[in-house]
Amino acid sequence: MAEVTLAGLDTMKREGRRFAVLTAYDATFAAMMGPVGVAVVLVGDSLGMVVQGRRSTAPVTMDDMIYHTECVARGVRDSDDKPLVMADMPFATTFSPLEAAGHAARLMQAGANIVKVEGGAVMEETVRFLTAHGIPVCAHLGLTPQTTDMLGGYRVQGKGEGAGRKIVEDALALEAAGARMLLFECVPNAVGKAVAEAARVPVIGIGAGPSVDAQVLVLHDMLNLTRGRKARFVKNYLEGRGDVEAAFRAFVEEVETGAYPAPEHCYG
Ligand code: KIV
Ligand code: NA
């Protein structure tokens, strides 16, 4: 795959080739991902839970994100097949475009190739400002974990025609504002399909059905390291396989062939 670029991912979308995304928080795991074909490594603020043991992502700080982005960037640096590094903008760093740009710049300096922001139409000005200043943005819509208190918990978003249409419209407004990728979390299959068909930029899904252009899972979930109740879209890729590398390869293959997500991982 050589070095993954945004332009390369746009081409994959145009050609109908699916790609795999995984989260990583350290150099060791990140270094394993490019060589097995993971296209994008996401330094997710899910690290608040899986690394720091918190109950939500809201307490994750810029310093935390910078530390882990640097670790991941060092991990992928020497891969022949270098994945794109995406880093989450943590909670409360995107309230104004100017403030967001300062934080995003620090993540880019730490080694990110693109930053991810949570939120719908409210993020339009911020996305416009960041992208106008040369910082690529992925917009995360649907279930936005930083604001689950506002959403009333971890639940499927965009149910019903009006709510589904609103999320898709918001996403297209953010694409028009310059977003280079979209990420949809926990939405009915039909919403994922609608946005993937309407958007020119790649749409990454997590619990967004089989019709989106890419799939992401949290590393600790797909290796079955997380305890407690699991989301519907989680699949254990270590089961029946001897090692982490084989689990990564299986995930990449199932995403690329469309075998994942199966109906049991989706919100019909
Ligand atoms: O933080 C994270 O891991 C994420 C993914 C769940 C998309 O944002
Ligand atoms: Na996140």
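Modeller: The answers below concern a predicted model, and they begin with the ligand.

Colleague: Which residues surround ligand 1, and how many of the shell are nonpolar, polar and charged?
Modeller: Around ligand 1 the model places Thr23, Leu42, Gly44, Asp45, Ser46, Asp88, Leu183, Glu185, Ile206, Val216 and Val218.

Colleague: Which residues does the UniProt annotation "binding site" cover, and why can they be said to gather at one spot?
Modeller: The annotation, which comes from an unreviewed UniProt entry, covers Asp45, Ser46, Asp88 and Lys116. Although they span 72 residues in sequence, no two of their C-alpha atoms are more than 12.6 Å apart, so they gather at one spot.

Colleague: Is Ser46 buried or exposed, and which residues is it in contact with, leaving aside its neighbours within four places in sequence?
Modeller: Ser46 sits in the loop between strand 2 (40-43) and helix 3 (47-50). Because 20 or more C-beta neighbours within 10 Å make a residue buried, and Ser46 has 22 inside that distance, Ser46 counts as buried. Once neighbours within four places in sequence are set aside, the contacts of Ser46 are Thr23, Thr57 and Val218.

Colleague: Where is Asp88 found, and is Asp88 buried or exposed?
Modeller: Asp88 belongs to strand 3, and, leaving aside its neighbours within four places in sequence, Asp88 is in contact with Val43, Gly44, Asp45, Met65 and Lys116. Since 29 C-beta neighbours lie inside 10 Å of Asp88, this residue counts as buried.

Colleague: Phi is positive at Ala92 and at Cys186; which of the two is buried and which is exposed?
Modeller: Phi is near 70 degrees at Ala92, a residue other than glycine, and Ala92 lies in the loop between strand 3 (84-88) and helix 5 (97-109). For Cys186, also other than glycine, phi is near 50 degrees, and the residue is found in the loop between strand 6 (181-185) and helix 9 (189-198). With 12 other C-beta atoms within 10 Å, Ala92 is exposed, whereas Cys186, with 24 C-beta neighbours inside 10 Å, is buried.

Colleague: Where is Pro261 placed, and is the peptide bond from Tyr260 to Pro261 cis or trans?
Modeller: Pro261 lies in the segment after helix 11 (244-257). Omega of the bond from Tyr260 to Pro261 is near 0 degrees, and the peptide bond is cis.

Methods: Residues numbered from 1 in each chain as written. Chains lettered and ligands numbered in written order. Predicted model: local features only at pLDDT ≥ 70, side-chain atom pairs only at ≥ 80, totals over all residues. Near = placed C-beta within 6 Å. Helix = DSSP H or I, 4+ residues; strand = E, 2+ residues; numbered from the N terminus. UniProt positions renumbered as here; feature names shortened; annotations may be inferred. Contact = placed C-beta atoms within 7 Å.
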